[in-house]
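Have the sequence and the 3D view open as you go.

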Amino acid sequence: MTAAPGELAVGQSLPVIERTITLADMIAYAGATWDWYGLHYDPAFVEAAKVPGPVVDGQVFGAYFVELCQDAFGPQSFVRELSFTFRNLMFAGETVRVEGTVTEIDTERAVVEMTATILASDFGPERAAAKPARAVVLLGTPDGPGAR
């Protein structure tokens, strides 16, 4: 869902994203980012680290936060600032829910507060993956993103 100009307002929730992250997704992400740290895909490394499964690369949450904002504000928006804090490990096969709420908006930019929550699974109960999270989104025109 991309909002038309003026459709989104302070207090409005953005459409939720839910993704199950598989080991194949994690290997593809490692290839795209050149991050071949064994904790994300190598069974022997994972076992030696004494964690219950391959760990999702935390930067994936940043990608989902940007996707959430750009899906809501449209292809001419631009995430200028993004910050978030990791809270818990997420493992291959788990599902993450990404949510956001508009906290500020004007003609040139919007501020969105977000969370990434790992849904309950065999690895444990529902828990925060990344929280707090905040994005400043420049609201563009057909000529490009806003100037601020």
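Ring pairs link Phe65, Phe84 and Phe86 into a cluster; rings of Phe, Tyr and Trp (its six-membered ring) pair if their centres lie within 6.5 Å, with planes under 30 degrees apart counted as stacked, over 60 as edge-to-face and the rest as tilted. Please keep in mind that this is a predicted model, where local features need pLDDT of at least 70, side-chain atom pairs count only at pLDDT 80 or more, and totals for chains, interfaces and linings use all residues. Residues are numbered from 1 along each chain as its sequence is written, and side-chain values use heavy atoms, leaving out hydrogens and water.

**Aromatic pairs**

- By this ring rule, the count comes to five aromatic pairs.
- One of them joins Trp36 and Tyr41 edge-to-face, at 5.7 Å centre to centre and with 90 degrees between the planes.
- Phe84 and Phe86 also pair edge-to-face, with 5.4 Å centre to centre and 90 degrees between the planes.
- Phe86 is partly exposed, at a relative accessible area of 44% (buried means under 20% relative accessible area, exposed over 50%, and partly exposed in between, using a 1.4 Å probe and protein chains only).
- Trp36 is partly exposed too, at 42%, and Tyr41 counts as partly exposed at 27% relative accessibility.

**Helix α3**

- Helix α3 covers residues 59-73; helices (H or I, at least four residues) and strands (E, at least two) are DSSP runs, numbered from the N terminus.
- At 1.5 Å a residue, its 15 residues should span 21 Å, and the end C-alpha atoms are 21 Å apart, which agrees; the expected span is 1.5 Å times one less than the number of residues.
- The buried residues of α3 include Phe61, Tyr64, Phe65, Leu68 and Phe73.
- The buried residues of α3 pack against β1 (17-20), α1 (23-33), β2 (78-86), β3, β4 and β5, where contact means heavy atoms within 4.5 Å.
- Just after α3, Gly74 takes a positive phi of about 100 degrees.

**Strand β4 and its partners**

- Strand β4 (residues 109-118) is mostly covered, with seven of its ten residues buried.
- Nine bridges join β4 to strand β3 (residues 95-105), and the two run antiparallel; two strands pair if DSSP finds at least two bridges between them.
- β3 and β4 form a hairpin with three residues between them, and Gly100 stands opposite Met114 in β4.
- Strand β5 (residues 127-138) is also joined to β4 by nine bridges, running antiparallel, with Glu113 opposite Arg134 in β5.
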